[in-house]
Amino acid sequence: MKEHLPFAAAYWHTMTQTGSDQFGSDVNIRNWFGKTPMDTAKNRVEAIFEFLSKLGVEYFCFHDVDIAPQGANLRESNKNIDDIVAIIKAKIKETGIKVLWNTANMFSHPRYVHGAASSCNADVFAYAAAQVKKGLEVGKELDARNYVFWGGREGYESLLNTDLKFEQDNMARLFHMAIDYAKEINFTGQFLIEPKPKEPTTHQYDFDAATTIAFLMNYGLKEHFKLNLEANHATLAGHTFDHELNVARCYNMLGSIDANQGNWLLGWDTDEFPTDLYAVTFALYQIVENGGLGKGGINFDAKVRRGSFEQNDLILAHIAGMDTFARSLKIVEKLKKDKFFETILEKRYASYKTGIGAEIVSGKANLETLEKYAFDNTINNKSDHLEEVKAKLNDYIF
Ligand code: XUL
Ligand code: CO
């Protein structure tokens, strides 16, 4: 189970989330709060390693701004990062806990108001590039297994003032620069892109798995990237999570996942801890079919609800998520043993195994031979019995 479920905690939700929302201020009081932002940052390192050790979680993920306070300028910010990274590095050595991925937050600061790589302002592009450079150096220093790009502000509000092609060209330019620099410093982590369709911008360029793969192929980036897929982002794109995973799998692009769940009644990213056995079972099934996640893992990009403000809720929430995945893994094991889905698919596509179907698949058939066949053939469709399939599935899940 440990091998199949490489869990990771998200630094931002676990260590820095305040519980505030549009209608109310901070509610989360944590025992790692210090006198200065830098004190808090140092205490947080102690706290997260204690937290991960107690939970038996082997990985964590972070943005640059999660681990260290931003300074008055880029130099100061980088200095703060260096100081904290040194402490993290010692803790990694002591505990064996690893970085699943790191990333640069190129969306929160006001400078990113018009985007980062897709900004209309070249100075902003340069700043974003500097943050990515530092992120890769940190990844190298901490031996991160992956480096993630989530394009928070990489999208647009209105076509009335947007050169869509130019903005995407620029995003690709930054990705190519990142690949070149990773090579230069010998950073061997896997590059990942995390698709999301909306929020914060109306039209995010990395809408979903299919859109992102098309972008990567178009710009000659496919060989260098895989996808980090998030359950709640799939929901926002109007997809199920297993749909997104399956699409990525078709292109050998499934890299890692952000495990959470959305609220079907709301149109935004609620980042709840995953407890839906059905959704997680279907997602894990895709991951098992993929032969696992390689360098990737299962990152709980999830936050406790505002009402769950006690520090202990962080522990309880992660346990809820991990237990859901553990239960789902047992279900997936049974489904695989019984060849549940294999049997359904085999029966459903059986007509392609012999006769005219086999000719279509092998490339032997053409429009003329198929017309000839269709002239004299009577089509005989079979029922899917999908309701029966769902009822049987209930027997596995409960
Ligand atoms: C935002 C989101 C991010 C990324 C990392 O919706 O999922 O936290 O995972 O930037
Ligand atoms: Co995420």
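Modeller: First, a term: helices (H or I, at least four residues) and strands (E, at least two) are DSSP runs, numbered from the N terminus. Residues are numbered from 1 along each chain as its sequence is written, while chains are lettered from A and ligands numbered from 1 in the order in which they are written. This is a predicted model, where local features need pLDDT of at least 70, side-chain atom pairs count only at pLDDT 80 or more, and totals for chains, interfaces and linings use all residues; side-chain values use heavy atoms, without hydrogens and water.

Colleague: Let us start with the metal. Which residues coordinate the cobalt ion (ligand 2)?

Modeller: Glu194 (OE), Glu230 (OE), Asp258 (OD) and Asp301 (OD) coordinate the cobalt ion, at 1.9 to 2.1 Å. A donor is an N, O or S atom within 2.8 Å of the metal (3.2 Å for Na, K and Ca), and sites may look incomplete, as water is not among the atoms.

Colleague: What spacing do the donors follow along the chain?

Modeller: The spacing of the donors of the cobalt ion (ligand 2) is E-x35-E-x27-D-x42-D. The pair Glu194 and Glu230 links distant parts of the chain, 36 residues apart: Glu194 is in the loop between β6 (190-193) and β7 (203-204), and Glu230 is in strand β8 (residues 225-230).

Colleague: Staying with Glu194, is it buried or exposed?

Modeller: Glu194 counts as buried because its relative accessibility is 4%. Buried means under 20% relative accessible area, exposed over 50%, and partly exposed in between (1.4 Å probe, protein chains only). Glu230 is buried as well, with 2% relative accessibility.

Colleague: And which residues does Glu194 touch?

Modeller: Not counting residues up to four places away in sequence, Glu194 touches Trp101, Val148, Phe149, Trp150, Asp206, Asn228, Glu230, His233, Asp258 and Asp301. Contact here means heavy atoms within 4.5 Å. Phe309, on the other hand, is 115 residues from Glu194 in sequence and 28 Å from it in space, C-alpha to C-alpha.

Colleague: That loop between β6 and β7 interests me. Which peptide bond is cis?

Modeller: The cis bond runs from Glu199 to Pro200, with omega near 10 degrees. Pro200 is placed in the loop between β6 and β7, and Glu194 lies in the loop between β6 and β7 too.

Colleague: Changing topic: what volume does the largest pocket have?

Modeller: The largest pocket has a volume of about 1,800 Å³. Its lining has 44 residues, and those closest to its centre are Ile344, Lys347, Arg348, Tyr349 and Asp384. A search on a 1 Å grid over the protein atoms alone defines these spaces: a cavity is a set of points where a 1.4 Å probe fits but cannot get out, a pocket is an open set with protein on both sides within 12 Å along at least five of seven lines, and lining residues have an atom within 4 Å of a point. Grid points are joined across faces, edges and corners, and a volume is the space filled by probe spheres set on the points.

Colleague: Which element gives the largest share of the lining of the largest pocket?

Modeller: Helix α12 does, with 8 residues. The elements that give two or more residues to this lining are α9 (241-250), α10 (277-289), α12 (340-348), α13 (355-362), α14 (367-376) and α15 (386-397).

Colleague: How many cavities of 30 Å³ or more are there?

Modeller: The search of the whole structure finds 3. About 160 Å³ of space lies in the largest cavity, which has a lining of 19 residues, with Asp64, Ser77, Asn78, Ile81 and Gln131 nearest its centre. At least two lining residues come from each of α3 (64-67), α4 (74-95), β3 (98-103) and α5 (122-141), and α5 supplies the largest share, 5 residues.

Colleague: Where is Asp143 found?

Modeller: Asp143 is in the loop between α5 and β4 (146-149). Its phi is near 60 degrees, a positive value in a residue other than glycine, and Asp143 counts as exposed because its relative accessibility is 60%. Asn186, in the loop between α6 (164-185) and β6, is not a glycine either and has a positive phi of about 60 degrees.

Colleague: Lastly, where is Thr324 found?

Modeller: Thr324 is in helix α11 (residues 312-337) and is buried, with a relative accessible area of 6%. Apart from neighbours within four places in sequence, Thr324 contacts Pro274, Thr275, Asp276, Leu277 and Val280.
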